[in-house]
Amino acid sequence: MGELKKINLAGLSRHKLRAMFEKLDEKPFRADQVMKWIHQRGATEINSMTDISKSLRGRLIEISEILLPRILTSFSSSDGSHKWIVQVESGSKVEMVYIPESGRGTLCISSQAGCSLDCSFCATGKQGFNSNLSAAEIIGQLWWANKKLTGFNEMKERPVSNVVMMGMGEPLLNFDNVMDAISIMMEDCAYGLSKRKVTISTSGVVPAIEKMRGFTDASLAISLHAPNDELRSQIMPINKKYPIEQLLRSVKDYMASLNDKRVPVIEYTLIKGVNDHRQHARDLAELLKSLPCKINLIPFNTFSLSNYERPSNSSVSNFRKILKDAGYTVTVRTTRADDIGAACGQLVGDVADQTSRSTRYKKRFPREIQSSNIDRNLVALAEKM
Ligand code: SF4
């Protein structure tokens with residue numbers, strides 16, 4: 001008989017950890033102690049949990065462990081941002097990005113190695129899909145950001161005030177693990193982030209948005225990127241399955257289930273000549289008029305394997321003005337961390353693709369293979385260090 005796999009304590013929500021201690025005939029408050037050790041003090045050894053009796057630690061060591069993903073390498077941008085390459089159990093590498101701003105620090109984390117969806121403006125989508133990240137691999141990104149930025153020094157202010165699930169992957173296609181990870185983010189005995197500061201960004205997996213109501217009250221961002229079904233289906237294939245009307249209905253229902261006045265953020269990547277005409281802005285204003293929301297415009301960030309171009313500054317301001325004149329709160333995302341390939345839509349890891357998509361794109365863009373090899377070489381180099 002093979003050895004039983006140990007439970008990874010790093011990815012257990014408070015609810016699951018309490019259930020585990022109850023099964024061990026131990027008081028459920030032990031869960032809070034363990035979470036504090038792992039997520040507030042950075043413990044990776046059960047034996048270091050000195051406020052837990054030696055005998056209980058011994059029992060825990062028999063059945064459980066603390067396993068976090070591995071950081072392979074780090075990049076620092078001239079604007080103060082950081083990008084880390086994280087190796088997950090499947091062997092794939094994913095990316096996470098930390099962006100400091102005045103009064104807050106935002107961590108953009110990944111939920112999948114690659115992505116099974118194929119949004120035409122997104123570098124991750126071009127890599128195909130490898131695997132879902134476990135809850136420990138998702139929360140492990142926040143753990144590592146704390147470790148790298150302050151070493152879990154309790155005297156220092158926590159560096160990450162906001163988490164956005166906008167890295168690699170579609171979070172709602174990895175529902176259970178994402179829900180566990182965000183519940184850990186929000187627990188006072190772990191990272192204590194407010195529900196307003198944890199945002200799930202989705203391309204519009206409607207049944208999962210409907211299901212979210214029973215699991216979380218985190219904030220929501222929708223990758224919309226087009227004002228009508230015809231255009232959206234061209235640039236986001238998921239729209240063929242869940243068209244805009246269904247999507248917006250599910251968003252309204254989710255927002256109505258929160259007992260506060262939060263509104264969703266509508267993300268709109270502006271791509272030159274594709275979705276950045278004035279008429280698109282007018283149509284967008286009309287489309288969203290019954291959904292209280294904020295709109296975030298993201299001028300397209302170029303990457304290899306894409307022919308799209310960034311729109312001019314004047315076309316971005318025209319688009320913004322039309323929406324503002326229609327009464328919307330509109331922000332334009334300033335490009336951060338572009339020099340380390342960590343701007344929005346640029347994230348690529350090293351994904352052992354289980355689809356044929358990455359091969360297909362590389363055939364279409366052969367000259368770009370060289371640059372992805374450079375990334376691979378960097379990772380290989382870092383692995384040896
Ligand atoms: S934008 Fe999001 S959902 Fe679309 S391909 Fe990229 S990671 Fe996947």
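1. Let me begin with a residue in a loop. F152 has 16 C-beta neighbours inside 10 Å, so F152 counts as partly exposed; the cut-offs are 20 or more for buried and 12 or fewer for exposed. Its loop is the one between α4 (135–150) and β9 (162–165). The backbone deserves a look too, as phi of F152 is near 55 degrees, a positive value in a residue other than glycine. For context, most residues other than glycine have a negative phi. Please keep in mind throughout that this is a predicted model.

2. D25 is not a glycine, yet its phi is positive, at about 60 degrees. You will find D25 in the loop that joins α1 (14–23) to α2 (30–40). Is D25 buried or exposed? D25 counts as exposed, because it has 6 C-beta neighbours inside 10 Å.

3. The axes of α1 and α2 are 8 Å apart, and the packing angle is about 125 degrees. The two helices are therefore oblique to each other, since an angle of that kind falls between the ranges for roughly perpendicular, 65 to 115, and roughly antiparallel, over 145. Their crossing is right-handed. On the α1 side the contact is made by R14, L17, R18 and F21, and on the α2 side by R30, A31, V34 and M35. By class, the residues of this contact are 5 nonpolar and 3 charged, with no polar ones.

4. Helix α10 (residues 278–287) and helix α11 (residues 313–325) have axes that come within 9 Å and cross at roughly 25 degrees. That makes α10 roughly parallel to α11, because the limit for this label is an angle under 35 degrees. The crossing of α10 past α11 is right-handed. Which residues of α10 and α11 meet? From α10 they are R278, A281, R282, L284 and A285, and from α11 they are N318, F319, I322 and L323. The residues of this contact divide into 6 nonpolar, 1 polar and 2 charged.

5. Now to the ligand, which may be what you care about in a set-up. The residues around the ligand include a run of C115, L117, D118, C119, C122, T124 and G125. How many of the shell residues are nonpolar, polar and charged? The shell divides into 5 nonpolar, 5 polar and 2 charged residues.

6. One more loop residue is worth a click. S194 sits in the loop between α5 (175–186) and β10 (198–202). S194 counts as exposed, because it has 12 C-beta neighbours inside 10 Å. Along the chain S194 and V163 are 31 residues apart, while their C-alpha atoms are separated by 9.9 Å.

7. Last, the overall picture. The protein chain holds 13 helices and 14 strands. Of its 385 residues, 44% are buried. Among contacts with a separation of 6 or more, 68% are between residues 24 or more positions apart.

How values were computed:
Residues numbered from 1 in each chain as written. Predicted model: local features only at pLDDT ≥ 70, side-chain atom pairs only at ≥ 80, totals over all residues. Helix = DSSP H or I, 4+ residues; strand = E, 2+ residues; numbered from the N terminus. Contact = placed C-beta atoms within 7 Å. Near = placed C-beta within 6 Å. Nonpolar A, V, L, I, M, F, W, Y, C, P; charged D, E, K, R; others polar. Axes fitted to C-alpha atoms, helices over the stretch in contact; angles between N-to-C directions. Left-handed = near helix turned anticlockwise from the far one by under 90°.
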